[in-house]
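Hi,

Here is the structure I promised to pass on. Have a look at it first, and then read my notes below.

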Amino acid sequence: MKHGTTEQVHRIATQINRVLENKSYLSAAFLDVSQAFDKVWHDGLLYKLKKQLSYPFFSLLKSYLTDRYFMVKQQDEYTTLHPIKAGVPQGSVLGPILYLLYTADLPSTDNTEVATFADDTAILAMHSDPRKATENLQTNLNKIENWLKRWRLRVNECKSTHIVFTLRHGECPPATLNGIRLKQAQDTKYLGIYLDRRLTWQKHILIKRKQLGIKFRQVYWLIGRNSELTLDNKLLVYKSILKPLWTYGIQLWGTASNSNLSILQRFQNKVLRTIVNAPWYVTSSSIEKDLRIPSVREVITSYSTKYNTRIRAHPNNLAKTLFDDSGEVRRLKRFKPNDLVHRFTD
């Protein structure tokens, strides 16, 4: 309730960090639900709504879902009308809510944790024994398999991944869904953020650097050395188009090593030097200071401070626990999200 994608990824990152600190294994399956919003079975959804809502609300939503039709247009030809028996209207306010109500009873077990955000689903199983970790994961996947068949949803097994988060050399056995082995990977994308098996954030930063390079080339004609835009407008282009690409999730991947963070700092230096057409002898730090553009480290501190304040005053008690690491082992010399406020100021 009232949390965003950053909090959701933070929740998974917390579990991964706990596993790494305890020298154990986290066997995780990230499922790709095929056409999730389009496949919601109306009869099944209405059955669940009738059990959870009072009759006036149920009848209102039933009226909203039923008696909908569609046709297909090809050039100047139209098909006849056909009834829509599945799917929630996309782009509507109620669409995601109805999908969440439909999947609220997704099965879980005592030995696993299910993390869902709309149609992005992750199942996590933690154990010191790699075989036991996947065994617990597979038990939950078997229940999910039966649930999917009952409620007429489908997971694309080829796009779903199985990843083992650990610092140890051993591997967990593979996991299957619908009799198909899930692809085992060294990293995975969840809600736009890349998680690698050791949670170094290197893959995420490298991919963001690649995306930034592509976007920079696309807008170079606007902010390049020969552009006639004013300096203020060039900076506006950088702040509104380029900067949001790398700041997303910075409250989490800001814990990466200095060598990985420097990849993005060098990119910002390159862009700012291009914008002002700076000669070689002018330092990048001077350019940042003159333009009043914070460095990557300063952005991490700023975003993390605001995030810390928001989480500690969050109306969702589960979100508040994200920064509660009292009693947890801190064996590794690595930073966690709640350390970022003071990482570069101590």
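At what angle do helix H9 and helix H10 pack, and how far apart are their axes? Before the answer, some background: this is a predicted model, where local features need pLDDT of at least 70 and side-chain atom pairs count only at pLDDT 80 or more, while totals for chains, interfaces and linings use all residues. Residues are numbered from 1 along each chain as its sequence is written, and side-chain values use heavy atoms, with hydrogens and water left out.

Now the helices (DSSP runs of H or I, at least four residues; strands are runs of E, at least two; both are numbered from the N terminus). H9 (residues 258-276) and H10 (residues 284-291) pack at about 65°, with axes 10 Å apart. Axes are lines fitted to C-alpha atoms, for helices over the stretch in contact, and angles run from 0 to 180 degrees between N-to-C directions. So H9 is roughly perpendicular to H10 (under 35 degrees counts as roughly parallel, over 145 as roughly antiparallel, 65 to 115 as roughly perpendicular, the rest as oblique). In this contact (heavy atoms within 4.5 Å), H9 uses residues including Gln265 and Leu272, and H10 uses residues including Ile287 and Leu291.

H9 also packs with H6 (residues 202-223), at about 5° and with axes 9 Å apart. That is why H6 counts as roughly parallel to H9. Among the residues in contact are Leu206 and Phe216 of H6, and Leu264 and Phe267 of H9. By class, the contact of H6 with H9 has 12 nonpolar, 4 polar and 2 charged residues (Ala, Val, Leu, Ile, Met, Phe, Trp, Tyr, Cys and Pro are nonpolar; Asp, Glu, Lys and Arg are charged; the others, Gly among them, are polar).

On to the pockets. A pocket is an open set of points on a 1 Å grid over the protein atoms alone, where a 1.4 Å probe fits, with protein on both sides within 12 Å along at least five of seven lines; lining residues have an atom within 4 Å of a point. The largest pocket holds about 810 Å³ of space. Its lining has 28 residues, with His3, Gln8, Arg11, Thr116 and Leu318 nearest the centre. H1 gives the most to that lining, 6 residues.

The second largest pocket has about 240 Å³ of space. It is lined by 15 residues, and Phe30, Leu31, Asp32, Asp120 and Lys189 are closest to its centre. Volumes here are the space filled by probe spheres set on the points, which are joined across faces, edges and corners.

Cheers
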